Amino acid sequence: MNLIRILTENMIRFRTKNITSANLKTILDKSPIVINEYGIKSSLLTEGVSESMRCWYYTQVANWTFEYDKRVPDPYNTKGVQDFLIAIGHNIKSDGSFGDETAKALATWRYGASAGIVTVDKLWSKIKSDGYNFGTMNEDVGEMIIDICDDLAKSCVIDQQTSVKMDLANSYPRELRDQLDSSFIAGIKYWDDYLNNFNVQMKISVNLYGSSNMPNMIKTQQDIIPWYMSVLNLIKKNRWVDRSAEAAEDGAAMYVAGDCPPLTVCVNMGYYLTIYKQSGIKIMGRKAKESFVHEIQHIMWEKLKGIVKPINSRANIKLAFPLAYDSYAPSATGVSKQLAQAQISQSSKNDLTANGIDYNKLQAYYNTIKWRKTYTCHETELLSRLAAYRQYLTDRNVIQMGGTILLPTIISDIKKIINNDNVHWNFKMMIGCWVLGGMTPKLTDFVNKLNALAKNSIQDKNNVNLKQPDQDERT
């Protein structure tokens, strides 16, 4: 039986050391649970949902895996809330309409039936009185569900049977691994080409020494670039490793800190398997390359701080992103801090209007708790996002290697955000920090300052004790 063979080969990844091929079929046949797009089919609820299965959903929601795993309901929209309640055993409709039936089920789960909350108005009033008062009801409900799931996930247990059942879909085909290998090599090549590009080296020379005259270019090429190339070669040698379970705990696609081996990229293969199944190998490979470019920047930044001159000072990045924030500096309060949205100056309003951008709609898009968290403006993340966005544009021949990102390109992608069209995720995250900063500097100046950022390092000359970069960017 092929399923038994696949599962047997993946015992270590499933963390089911005591299971044997002889009883795998029993486990697979025993569970009545059938998975659809979001989770459990409501027609099977009469057979019950085990505590272990509920725990699986609590854990996934707490870890934000709904951002990439379509089996996991998104608690920030009504249908997702309904599918979550169905998945953990509530017999309600999943129609995308938040009525009293949904409110009663959610209140029963959160507060117990004895609370007597059976209407939408009573539920929302109770949720707000508990401190969830961020704006829309969807936002308040989503935050509450994630918080409760986080608490429940700390004490519940996922048994062996559930683990096997839910991990079955994540058996990794050879094609997936081969494509991740190819995407990794492509990411390495991008940085190799970028660092050795003459235009990039001119930018670095200007940033470090004030001009790109011949003596300064020689210093850049002899004293700076070799350091980055040496780190890049070590990353190429160490390659990437599968850390799906660890990455999923933080909702990460890739990460390079924490328990990840030095000079190595740790990958959540489950995340890329989902993309592979939904969109095909080509799109999966493209997204993986962008993520590798992003994470490689983190490694070079971390390994070279205090060793080689920083290419961009903290002052430089704040010229483009006034809210840029080092979450790991000794004085920082941590990534849980919320950013206030700054007022937009009249000059910025005029500039945006002249370029056909509705600044009110753009501001409204980012005026949620999701975007106001410090992580949106974390300094090293901003530069990793810029690197990944540059690579994205280069691959599509929108810009040449090391070339200038033109104003019309930025305008086009901002309009895609406003219209809820598909736009590069790293761009959306990066622009979010600029928007929260009051769209300051004004758009035309912002694009110029964005292009002036040569590459990655962002610490000041005398500040060489920055803490570890963030490990769980959702690329």
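This is a predicted model: local features need pLDDT of at least 70, side-chain atom pairs count only at pLDDT 80 or more; totals for chains, interfaces and linings use all residues.
**Rings, charges and a pair of helices**

Let me pick out Y190 and Y194. Their ring centres are 5.8 Å apart and the planes sit at 25 degrees, and since planes under 30 degrees apart count as stacked, this pair is stacked. Why are these two separated by about one helical turn? Because they are four residues apart in helix α10, which covers residues 174–195. And are they buried or exposed? Y190 has 4% relative accessibility, so Y190 counts as buried. Y194 has a relative accessible area of 3%, and Y194 is buried too.

Now, Y194 has another partner, W191. The ring centres of W191 and Y194 are 5.6 Å apart, but here the planes are at 80 degrees, so we call this pair edge-to-face. W191 and Y194 are three residues apart in α10, so again about one helical turn separates them. Both W191 and Y194 are buried.

Take W124: the charged end of K128 sits over its ring, 4.5 Å from the centre. Then there's Y209, with K219 lying over its face at 4.2 Å from the ring centre.

Let's move on to helices. Two packed helices are described by the angle between their axes and the distance between the axes. My example is α15, residues 281–304, with α20, residues 379–395. At what angle do they pack? About 140 degrees, and the axes are 8 Å apart. Angles over 145 degrees would count as roughly antiparallel, and α15 and α20 are therefore oblique to each other. As for handedness, their crossing is right-handed.

Who does the touching? On the α15 side, the residues include K289, E290, H294 and W301. On the α20 side you'll find, among them, T380, R385, Q391 and Y392. Have a look for those on the structure.

Last stop, Q201. You'll find Q201 in helix α11, residues 198–209. Its relative accessible area is 6%, so Q201 is buried. And what does Q201 touch, not counting residues up to four places away in sequence? The contacts are L195, N196, M217, T220, Q221 and I225.

That's me done, thanks everyone!

Conventions. Residues are numbered from 1 along each chain as its sequence is written. Side-chain values use heavy atoms; hydrogens and water are left out. Rings of Phe, Tyr and Trp (its six-membered ring) pair if their centres lie within 6.5 Å; planes under 30 degrees apart count as stacked, over 60 as edge-to-face and the rest as tilted. Buried means under 20% relative accessible area, exposed over 50%, partly exposed in between (1.4 Å probe, protein chains only). A charge sits over a ring if NZ of Lys or CZ of Arg is within 6 Å of the ring centre and within 35 degrees of the ring normal. Axes are lines fitted to C-alpha atoms, for helices over the stretch in contact, and angles run from 0 to 180 degrees between N-to-C directions. Angles under 35 degrees count as roughly parallel, over 145 as roughly antiparallel, 65 to 115 as roughly perpendicular and the rest as oblique. A crossing is left-handed if the near helix is turned anticlockwise from the far one by less than a right angle, and right-handed if clockwise. Contact means heavy atoms within 4.5 Å.
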